[in-house]
Every structure is written in C-alpha cells, then in structure tokens.
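Below are some notes for a colleague who has not seen this structure before. They go through strands, helices and ring contacts in turn.

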Amino acid sequence: MSRTERLIVLLQYLRQRRYPVSGKLLASDLNVSLRTLYRDIALLNSQGANIEGEPGLGYILRPGFMLPPLMFTMDEIDALVLGNKWVIEQSDVVLAKSAHSFISKIAAVLPAEQRDQLYSSPMFVKTDGYSKVTDNNLMLSDIRKAIYHKSKIVITFIDLNNTHTVKTICPLSIFFNNEFFLVSWCEFSHNFLKLQVGKIEKLEVLSEKYIQDRMLLLKKWSEKEGLSDNNLS
C-alpha cells in the first residue's frame with residue numbers, strides 16, 4: 001500500500017483501541033519496520049494528530065483528531081464500487097437512482113487519484129436469472145419506508161398451498177438470496193413470516209405503527225434461522 005493509505009490504516013487502527021498498542025505490534029500489522037512506524041507517527045503528529053506514547057510503552061490516539069472522512073484504500077474503493085453497482089443493477093428503481101447520486105457525491109470530493117480509481121475499478125456485477133424490472137420489486141421502496149417508520153402493512157400473497165392470503169404484518173427487514181425476501185412479525189399468530197417479495201400481489205402501508213422493538217425482533221428471527229449478527233449489520 002502507499003504511504004498515504006498506510007497512514008490512514010494506522011489512524012484507524014489506533015482509533016479502534018482504548019489502550020496503548022505496542023510499536024512492535026503496529027509495525028507488524030502494517031508490515032513495516034519500527035523505524036518507518038516511528039516516522040509515520042511523527043508525521044501524523046505534525047499534521048495535528050495527538051498520538052501519545054514512546055518506544056517500549058505503546059501508543060494511543062487521543063480524541064480530537066478528525067480522520068479525513070473520504071480517504072479510502074484501493075480495496076475499500078473496489079468494495080464501494082461493487083456494492084454500488086449491485087444496487088444499481090439488482091435493486092428497485094428508487095435505490096438505483098440513489099446509488100447513482102451517492103457515487104457522484106463520493107467522486108466529487110475524492111482526491112483526483114482516487115477519483116480516477118473509482119471510475120476505472122475492475123469490479124462489475126452480473127446476476128444470471130434475476131431481473132429487477134418487475135412490478136413486485138417496485139414494492140421494495142414502499143416496504144423500506146414502512147420498515148423505517150415501523151408502519152404495519154397489509155399484504156395479499158400466494159401461500160405455500162397456492163392460496164391467496166391476506167395478512168397484516170410488521171415488516172422487519174428485506175434480504176436478498178437470489179430473490180428479495182421480506183421478513184416480518186405477525187402479531188395475530190405471534191410468529192415470524194419470511195416471504196418472497198415476488199409472491200406479494202398487493203401491498204398497503206397503514207398509518208398504524210407497531211410498538212415492538214424492531215431490532216430485537218430481528219435478532220430473535222436471526223437466532224431462529226441460525227444466522228450470525230454479521231447478517232444484521
């Protein structure tokens with residue numbers, strides 16, 4: 001990695017630590033010599049960082065120094081581009097438009113070198129057998145708004161018995177596994193419902209709110225499904 005990238009990684013590493021970290025450990029993680037580490041720390045301090053410590057005692061970053069918010073490593077830019085392209089290609093129209101706007105805002109404030117990398121990233125998305133251009137996926141925007149506002153929704157869908165069913169549910173989350181799925185809580189049956197969005201024929205967002213803690217319900221559902229907490233973050 002370049003020196004600029006290394007300095008950013010060093011700052012992020014120190015910011016995540018509450019206690020002093022030895023120079024030997026820092027140098028090992030950055031794959032540099034102790035002498036290079038000492039020079040990097042001196043440079044950061046000269047630019048306003050408050051890194052306290054000395055050889056043999058460890059180093060700690062005191063609060064107050066603001067890491068430039070839009071400086072990324074090469075891998076971070078590729079991750080950003082890949083995720084952004086996936087949203088544009090696979091999500092609903094509203095999110096796709098927002099993804100275009102988001103990447104433009106990022107590009108506008110990046111240094112020239114990183115802006116060039118953003119636009120020349122080798123990452124791309126191609127998902128066979130899935131198309132976002134369906135009436136069902138146009139519901140995703142309404143579902144997302146209902147989730148944020150904790151609004152109950154009424155859905156008409158085709159159940160496992162190929163029967164049209166109407167339910168009032170509390171929407172909790174949307175996840176993608178080759179298709180979009182809606183995870184919800186049904187107050188009537190006191191049970192979770194995982195439903196393929198493509199099975200929903202009609203959706204109405206109600207003004208009525210649900211009072212349960214959404215993240216707590218989602219955590220219970222993830223435990224039931226055997227998912228890790230990483231799937232919720």
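1. Phe 157 stands opposite Thr 165 in strand 4. Strand 3 (residues 151-158) and strand 4 (residues 164-176) are antiparallel and pair over 6 bridges; strands pair if DSSP finds at least two bridges between them. Helices (H or I, at least four residues) and strands (E, at least two) are DSSP runs, numbered from the N terminus. In the hairpin of strand 3 and strand 4, 5 residues lie between the strands, and Asn 162 takes a positive phi near 60 degrees.

2. This is a predicted model: local features need pLDDT of at least 70 and side-chain atom pairs count only at pLDDT 80 or more, while totals for chains, interfaces and linings use all residues. Residues are numbered from 1 along each chain as its sequence is written, and side-chain values use heavy atoms, with hydrogens and water left out.

3. Strand 4 is also joined to strand 5 (residues 180-186), antiparallel, by 6 bridges. Leu 182 in strand 5 is the bridge partner of Ile 174. The hairpin of strand 4 and strand 5 has 3 residues between the strands, and Asn 178 there has a positive phi near 70 degrees.

4. Helix 1 (residues 3-15) has 13 residues and reaches 18 Å from first to last C-alpha, close to the 18 Å expected at 1.5 Å a residue; the expected span is 1.5 Å times one less than the number of residues. Its buried residues include Leu 7, Leu 11 and Tyr 13. Buried means under 20% relative accessible area, exposed over 50%, and partly exposed in between (1.4 Å probe, protein chains only). The charged end of Arg 17 sits over the ring of Tyr 13, 4.1 Å from its centre; this requires NZ of Lys or CZ of Arg within 6 Å of the ring centre and within 35 degrees of the ring normal.

5. Helix 4 (residues 74-90) buries, among others, Ile 77, Leu 80, Val 81 and Ile 88. The buried residues of helix 4 pack against helix 5 (93-109), helix 6 (112-119) and strand 5, contact being heavy atoms within 4.5 Å.

6. The structure holds 6 aromatic pairs. Rings of Phe, Tyr and Trp (its six-membered ring) pair if their centres lie within 6.5 Å; planes under 30 degrees apart count as stacked, over 60 as edge-to-face and the rest as tilted. Trp 86 and Phe 176 are edge-to-face, because their ring centres are 4.9 Å apart and their planes at 80 degrees. This pair links Trp 86 in helix 4 to Phe 176 in strand 4, 90 residues apart. Phe 175 and Phe 181 are stacked, with centres 5.2 Å apart and planes at 10 degrees.
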